Amino acid sequence: MFPNGEHPLRQLKRWRWKPRFVKADTERSAVEPGRLSSRDPRLRAWQHGTHDDQTDEEPPLLTRLPRSSTPIDVLNRRSANTRLVCPRSQSQQASKAAKRKVSKVRSSSQQNSTRPNETKQQSIAQFQQGPHQRSQRSSKQQSSKSAPQKPTETMAARLNKTTQLYADFITKNAGAVSQIESALRSLTYIVPARFQDAELASEAVHSSISLLSLYHDSLLARSISSSSTPNKPADKPTPHNRYTRFWTKQSPSYRRLALLITIIQYTELLWEMTSQRRGQRTKWRVIVTLEAAKAICRLWLLKLTQSRPLLTPPLPERELIPEEEENLGPVDISGDNSDADSISEKKQEEPWQMPRTGLSLPSLPDPNKISQYLLSKVLTPEDVKPPQQLLHRVKGLGYLAEVVYIIRPVVYAVALMKMRKDKKSWAPWLLGFSLEFMARQLRKRELEQGVPGGLRGLTGLEKDELSRRAYAMAWWGVRGAAYENVTGPILKSLSDKLNNQPVLGLLGGILADYQYLWDNYYFSSATL
């Protein structure tokens, strides 16, 4: 009748198990292996209420015994994998926990005897609150702690903000910034070598100002390209700016190489002054390295521009942003006549709006400036041509002339390095001057044969570049043997005579200071 032939009540008596527990959970499937058996001392402690109340362990679980027909197994089958809770032990544990909390509150009140009575009453009131209210309060505290705090402003964000403010200031005060830069450059020119190591500090300041002006040029060019107000006809870009801006936008490689060449030109004299402190051999190695780097970049630019001659400088020059009339603000015309004249000119430039139709007509120019007004409206052939056609491509002799013109500084620097012990030797000077003169003559011959109309058919940009190269050849008078043997003694005697004059003594001092640079530094007379 029974599985083992024994009544379940006799099994309960034999196992001495008293059903003092009530089931907390029902409807569970099976008992997991590894649970505590009914003979485990920890389970007996929970049964008799002698367990440790300070621990937060829950009542252990019963597991299947070796005998499958025991009443414990029957109970586990009916409420499989259930936790058994002892009501008596639970009430004792709650009372002991309450006593511990009361003792903690009393001990804290005794330690902090200086605390006012209101704080004690608040703590007791919080303790007397129900468990639901205390749980809500703890959840609020946890939510307040876990709430995301406002992120602190990082150094990168501050730097970006400062850079943006500086860029806005530069774009709004372009004219004032240009004046400040020119004034600082003139200060560096006045006393280049009056004190010991003064030329190094002066050149460092000059190079820093030049690099800063290069950054200002990029800011102004960016603001002009992003501005919605079109340029006035009188403020149309120059052919040089049109050509260089086209290639900087067309080819990122052109922009990077041109920027690298410009940076080297701004800092080459500073590199030479610094390297001279380590000996003449190090100095000339640095000079040849810089000249070779510039030559490689220029040859690469010649390839990127599809065999067109190079311009100096290779980057667009600075253009001022046209100021809007609403940003000018009110002007006081009572004290200065020039302000009144400028306001009248602005009123004349404003278009006249017809009252009936609402159409606007351009204002008439000043009768004394009619020719200037008409010339500003005229479009030249260079204004109509695409930017890449402002310079003709070079072929044959013209390409050879351009390559010789580019590598001429490298050859001249190497010759000077070989003959550095004899400054009065004419061999390096004749080699460099002959290469530049040959490049110029080959270029002229190619233009006469390849361009329709010869030299008369050149564009204005090509004529400007040829004239600039012609004027740059005058610097050979203060280079190498020509300066050591001819022009140097003449300039020295002239400066000595001017130093004795009361007013012209300043000019003589400046000339003597520049003679110091020409005597000791290669890049002080470099033009490419």
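1. Helices here are DSSP runs of H or I of at least four residues, and strands are runs of E of at least two, numbered from the N terminus.

2. This is a predicted model, in which local features need pLDDT of at least 70 and side-chain atom pairs count only at pLDDT 80 or more, while totals for chains, interfaces and linings use all residues. Residues are numbered from 1 along each chain as its sequence is written, and side-chain values use heavy atoms, with hydrogens and water left out.

3. The 24 residues of α17 (427-450) should span 34 Å at 1.5 Å a residue, and the 34 Å between the end C-alpha atoms agrees with this; the expected span is 1.5 Å times one less than the number of residues.

4. R298 lies in helix α12 (residues 280-304). This arginine is buried yet has no salt bridge, the nearest side chain of opposite charge being E291, 5.4 Å away; a salt bridge needs a side-chain nitrogen of Lys or Arg within 4 Å of a carboxyl oxygen of Asp or Glu, and Lys and Arg count as positive, Asp and Glu as negative, with His and the chain ends not counted. Beyond its neighbours within four places in sequence, R298 is in contact (heavy atoms within 4.5 Å) with I261, Q265, L310, I406 and L528.

Conventions. Buried < 20%, exposed > 50% of the residue type's maximum accessible area, 1.4 Å probe, protein only.
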